[in-house]
Amino acid sequence: MVEDCCCDYETVDAINEEVLHPILQELVTLPFFRYFKVKLWCDCPFWPDDGMCRLRDCSVCECPENEFPEPFKKPYSGLSPDSMICQEGKPQATVDRTLDAKVFKGWIETDNPWTYDDETDNAEMTYVNLQLNPERYTGYTGDSARRIWDSVYKENCPKYPSEEMCQEKKALYKLISGLHSSISVHIAYDYLLDESANLWGHNLPLLYDRVLKYPERVQNLYFTYLFVLRAVTKAADYLEQAEYNTGNPEEDLKTQSLVKQLLYNPKLRSACPLPFDEAKLWQGENGPELKQEIQKQFRNISAIMDCVGCEKCRLWGKLQVLGLGTALKILFSVDGENHLNQSLQLQRNEVIALVNLLNRLSESVNFVHEKGPSIEDVIKQQSSSTVKPVFPI
């Protein structure tokens, strides 16, 4: 069994590979989940931003306003492949800033009590095409990158939880550790193996050194995946009724269909009906105070994302922390109170972050399951060989 969860590893791997991973991979490419609204230019509230990136892959691709065709500035009614040339010649690279008026119809604009960002400040927000800005190795290393994770762990959740620690604080640690593991998996999955040849591929030694040789990190990856999956399934009624409107009826109907497949898949419901049982938390007499304390800690963690020196790392850090904050909001609170008697309300951006985070975790679980059993043999073979290890995708 995955510790503190209600499913075993074999079931998780089977359901993820057969059901969830294929649905999520398709879902995140559709217009509604492809564009993320984010504040990329932020002052770090904790220290001067001195992070430097070694690669151009650190930067996020945006389309400047003057690249938008005049018809595209009107309410979105579809875009033909030949009507737009943007970065890399891909029309889907266009960050559609006109979506704000069209797509946000029916969606509220309220802040998440678990996160730091003011998502209602539209003047400082920009749209980013996530498909054009994949989470991968960027060359962002050294003291600046290390300081981010040190701050997350040291100031907000202990790196090594003790037996005396309450269950709720252990859960926070495991969520952050699981997210950390997933990010490491994606760096290893899509790594620049040869800069001169621009050769990208799998860095299996890195995957082993950062994740697989630490059983706790793998366990926490699965824990975080099941935690977020539970939030998605708990919000099923809300997500089924949500308005997935991008002005493209065909794609929007496909989005609605895939969301329903994700939420109500019979194989998932029979094999793992309750991925995580949130009811066992916050039960003590100090429950309300403890929830406020942990909520504050998680808000601090989300604020640290403004200190990430690499733009693309900041994009994915902010998205995934918002996704985790949305999962916490669904499972535990609205403005710090139980929402059992309140109707759940989510921003469009929260839904986008939640689903993209679940996809990221699903990809990580899939890759770890695929490479885990044989990777030690691979490492042994490499250590006895003088040939440089290369694993092209």
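Predicted model: local features only at pLDDT ≥ 70, side-chain atom pairs only at ≥ 80, totals over all residues.
Trainee: What makes a residue count as buried, and what percentage of the protein chain does so?

Mentor: A residue is called buried because its relative accessible area is under 20%. Of the 393 residues in the protein chain, 56% count as buried.

Trainee: Why are β3 and β4 called paired strands?

Mentor: Pairing requires at least two bridges found by DSSP. Three bridges join β3 (residues 191-194) to β4 (residues 199-201), so the two strands meet that condition. They run antiparallel, and Asp 194 stands opposite Leu 199 in β4. The two strands form a hairpin with four residues between them, and Asn 198 in the turn has a positive phi of about 50°.

Trainee: What makes a residue part of the lining of the largest pocket, and which residues lie nearest its centre?

Mentor: A lining residue has an atom within 4 Å of a pocket point. The largest pocket, with about 1100 Å³ of space, is lined by 42 residues, of which Ala 145, Trp 149, His 180, Ser 184 and Arg 210 lie nearest its centre. Two or more lining residues come from each of α4 (143-156), α5 (167-189), α7 (215-234) and α12 (311-332). The largest share, nine residues, comes from α5.

Trainee: How does the lining of the largest pocket divide by residue class?

Mentor: The lining comprises 23 nonpolar, 10 polar and nine charged residues.

Key:
Residues numbered from 1 in each chain as written. Heavy atoms only, no water. 1 Å grid on protein atoms, 1.4 Å probe; cavity = no way out; pocket = protein on both sides within 12 Å on 5 of 7 lines; lining within 4 Å. Points joined across faces, edges and corners; volume = space filled by probe spheres on them. Nonpolar A, V, L, I, M, F, W, Y, C, P; charged D, E, K, R; others polar. Buried < 20%, exposed > 50% of the residue type's maximum accessible area, 1.4 Å probe, protein only.
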